[in-house]
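Biologist: I would like to learn how to read a structure such as this one, feature by feature. Could we look at it together?

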Amino acid sequence: MKAYYSRLLLFIATLALGLFVCNSCGPKEQPKEDILWYKQAANNWNEALPLGNGNIGVMVFGQTSRERIQLNDDSMWPADVNEWIEPEGDTNDLESIRALLIEGKHEDADRLFVDKFSRKSIVRSHQTLGDLFIDFDHQNITDYRRELNLSTAVSKVSYKADGYPFAQEIFVSKPHRAIVIKLSSASPEGLNAKLSLSRPYDHGHQTATSHTIDGSTLVMQGEVTQRGGKFDSKPFPIDEGVKFETRLKINHQGGSIRRAKDFLELQDVKNAVVIIVSNSSYYHDNYSIQNEMDLQAIGSKTYSQLTKEHIDDYQSLYSRVDFRLSKDDLDSIPTDQRLERVKEGVVDLGLESLLFHYGRYLLIASSRPGSNPANLQGLWNEHIQAPWNADYHLNINLQMNYWLADVCNLGELNQPLFDYIDKLVDHGRITADKNFGCRGSFIPHASDLWAPTWLRAPTAYWGCSVGAGGWLMQHYWQHYSYTLDKKFLRERAFPAIQEVASFYSDWIIEDPRDGSLISAPSTSPENQFYYQEGKQAATCLGSAMDQQVIYEVFLNYLKASEILSIKNDLTTTIRNQIRQLRPGFVLDTNGRILEWDRPYEEPEPGHRHMSHLYGFHPGTQISQEKNPELFNAVRNTLDYRLENGGAGTGWSRAWLINCSARLLDGAMAHEHIQQMLRKSISNNLFDLHPPFQIDGNFGYTAGVAEMLLQSHEENTIRVLPALPDSWKEGHIKGLKARGGLSTDIHWNNGQLESVKIHSKYTSSFNLKYGDNTVPVSMKPGETYVYENNKRSPKSKSAAY
């Protein structure tokens with residue numbers, strides 16, 4: 001009888017925890033949730049699951065003995081150092097470099113460029129906030145499940161320890177500015193666990209200390225340093241930086257909490273809710289008081305209230321887009337096993353759509369208004385010295401992070417990017433004047449939290465690039481193109497674009513060989529060429545990318561000036577200069593686009609960067625209808641890259657998905673999706689360079705959107721422009737098109753079924769699907785529906 005009651009008690013406790021599973025019960029009709037799940041804990045950081053609210057985040061390991069929850073904060077940086085200023089280069093040095101290039105002395109030009117204008121190797125890195133360790137020492141583990149629900153931004157870990165159910169739920173709330181953890185156990189002994197906070201040492205130096213302040217509160221305080229710092233390729237220890245405090249508070253039912261000097265211990269607790277708040281001197285002068293205020297704001301809210309408010313806030317962004325492929329998904333298989341199946345040749349459409357949603361999820365989690373922009377690792381970083389400093393690389397990486405924002409209906413998540421670019425533009429005025437004698441603003445290929453704008457790299461091909469500023473200006477212009485927000489254009493975009501356009505207007509020179517205007521010195525990011533037998537160099541007179549970037553900046557500046565009715569000396573100058581610019585697209589004898597100013601051989605014909613295609617994508621200078629010869633040359637160029645081993649990194653493969661979509665080639669795009677899943681995705685679906693680099697996740701999502709909707713051509717909306725044969729049935733709802741348009745697209749048997757378009761403004765465009773073109777005119781607030789029946793397409797307009 002005693003055994004009977006014990007089993008009954010266990011059964012009831014299991015139900016109370018919500019862990020009971022009835023295999024014979026049929027599925028309930030409810031919206032499908034997007035979930036990553038696993039049957040085991042994370043063995044390393046690249047298997048842990050990310051959560052974040054823009055400013056702070058976690059990586060959840062789900063360990064059963066000693067749980068590790070790695071903590072992140074987007075402001076964890078060493079100090080801005082007064083001595084870290086522009087190098088000595090000036091206009092005389094610049095003229096010397098140009099003279100060397102005209103003489104054909106490219107290596108000498110490389111050396112002088114680096115020597116006079118670069119701060120060479122830099123080590124100043126974004127860093128981890130630290131770790132929360134929870135020592136459970138659970139034994140005899142069964143029924144293990146670890147998951148991340150993208151639809152709710154909640155991570156759960158559940159299992160049985162010694163036969164009794166245990167559950168852990170975690171989310172990072174934007175409204176509450178907090179990490180929230182719920183721990184529950186059905187064991188008669190309750191929860192018994194030790195909670196501690198710590199942070200890694202910096203070259204043997206302690207970086208944080210922890211202590212309890214009462215029977216339920218644990219505090220970690222510290223300061224970011226970089227003892228292994230470098231400047232100008234020389235050791236430069238940084239012994240100060242952003243100060244921070246992390247505060248952990250436990251609310252519990254049943255049992256007690258034992259307070260020790262630097263940890264808290266749960267004893268026979270039925271369940272506990274752990275609240276973690278963390279603030280830094282970067283955001284708040286008195287960050288400790290801010291922590292107290294954050295905890296007071298949460299007050300006595302229940303876990304259910306906190307969860308609901310978190311999910312409501314998160315879903316106001318995530319639920320804007322819905323994407324599904326067929327009904328034959330494989331959600332019953334753990335995510336890591338699905339990924340292994342893809343590596344063995346299986347096509348998993350559900351995993352392809354899940355990875356699309358993951359990119360949206362990660363941007364919401366790492367970039368919110370008021371936060372810093374997503375860096376090379378988004379928000380998540382376990383290191384004191386991260387790969388590539390986990391900084392802001394501006395020759396594609398930061399830009400790729402935000403390709404998805406507007407098209408995926410997350411336009412306000414651009415705000416941290418624009419805030420950061422404004423800092424760069426402000427600081428870049430000093431660099432432009434001091435180093436180059438130019439008006440306007442210069443922005444280099446890489447920077448960090450403090451937005452310095454001097455060049456950094458020990459070689460010319462790594463970092464002596466001048467195209468970053470123009471590339472960043474594209475994001476201002478594209479955001480305006482999607483929103484048609486004149487206030488944003490006038491007050492935010494135009495001032496920045498004018499500064500960068502002014503710099504390029506002064507920067508370009510007349511090419512003595514043909515009289516055209518060129519960028520000099522000029523490189524193609526991270527690539528080199530042979531200018532003589534066996535001699536490699538990076539600098540030339542007008543690389544394809546620089547010419548394309550400058551043309552785009554000039555063109556958008558003139559368009560913006562016309563929209564805003566602005567006429568000044570600069571608009572007059574640039575209107576003349578743009579006609580004299582050497583074209584950025586020049587074909588070689590093989591029908592490929594030249595990467596440099598002349599048809600040089602290259603040591604890496606399969607190079608990961610495809611910078612000479614910038615004007616094709618992410619730019620909008622080429623289309624099949626407007627310039628078919630160049631359109632075909634793009635394909636030839638990509639084919640050559642791939643034949644020679646291109647797309648070796650995750651972000652490069654993601655760029656190829658986007659380029660394939662622009663080529664209107666669904667089969668090519670889908671092949672790169674398969675290759676990305678097979679070669680560049682970790683078990684937690686992070687993109688791998690390797691190592692982890694988040695831009696590929698964001699670029700993938702943008703590429704899928706590009707396959708299903710394109711609006712970059714003038715007065716043209718293309719639906720399903722690059723639909724793969726394997727995506728036979730599906731829908732995508734909520735994508736944005738340029739011009740203030742929202743779309744819902746459905747297809748079946750590989751054919752468009754219907755598209756619904758809602759317009760915020762008066763709008764006229766050509767709607768294109770395959771060979772069909774339908775002229776559409778819409779009034780503000782109107783919804784247009786196109787139905788693609790077998791006999792003939794039907795369309796209708798109605799008030800929204």
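Biologist: Which helices and strands each supply at least two residues of the lining of the largest cavity?

Modeller: First, a word on the source: this is a predicted model, in which local features need pLDDT of at least 70 and side-chain atom pairs count only at pLDDT 80 or more, while totals for chains, interfaces and linings use all residues. Residues are numbered from 1 along each chain as its sequence is written, and side-chain values use heavy atoms, with hydrogens and water left out. As for the general idea, rolling a probe the size of a water molecule over the atoms shows where empty space is left. On a 1 Å grid over the protein atoms alone, a cavity is a set of points where a 1.4 Å probe fits but cannot get out, a pocket is an open set with protein on both sides within 12 Å along at least five of seven lines, and lining residues have an atom within 4 Å of a point. Here α9 (403-407), α12 (468-483), α17 (650-662), α19 (695-708) and β26 (709-710) each supply at least two residues of that lining, where helices (H or I, at least four residues) and strands (E, at least two) are DSSP runs numbered from the N terminus. The largest share, four residues, comes from α12.

Biologist: What is the volume of the largest cavity, and which residues are the closest to its centre?

Modeller: The largest cavity has a volume of about 280 Å³, a volume being the space filled by probe spheres set on the grid points, which are joined across faces, edges and corners. Of the 20 residues that line this cavity, W403, Q478, Y482, E706 and R738 are the closest to its centre.

Biologist: Which element gives the most to the lining of the second largest pocket?

Modeller: That element is α14, with six residues. The second largest pocket has a volume of about 1000 Å³, and of its 31 lining residues the closest to the centre are K559, H712, E713, E714 and N715.

Biologist: How should I read a helix, and which residues of α15 are buried?

Modeller: An α-helix has 3.6 residues a turn, so residues three or four places apart point the same way. In α15 (residues 569-580), the buried residues (under 20% relative accessible area; exposed is over 50%, partly exposed in between, with a 1.4 Å probe and protein chains only) are L570, T571, I574, Q577 and I578. They cover an arc of only 130° around the axis, which puts them on the same side of α15; that arc is taken from the directions from the helix axis to the C-beta atoms. On the other side of α15, D569 and R579 are exposed. The buried residues pack against α13 (486-507), β23 (517-518) and α14 (544-563).

Biologist: What should I note about the backbone at P618 and at S565?

Modeller: A cis peptide bond, with omega about 15°, joins H617 and P618, and P618 lies in the loop between α15 and α16. S565 has a phi near 55°, a positive value in a residue other than glycine, and this residue sits in the loop between α14 and α15. S565 is exposed, with a relative accessible area of 67%.

Technical notes
Contact = heavy atoms within 4.5 Å.
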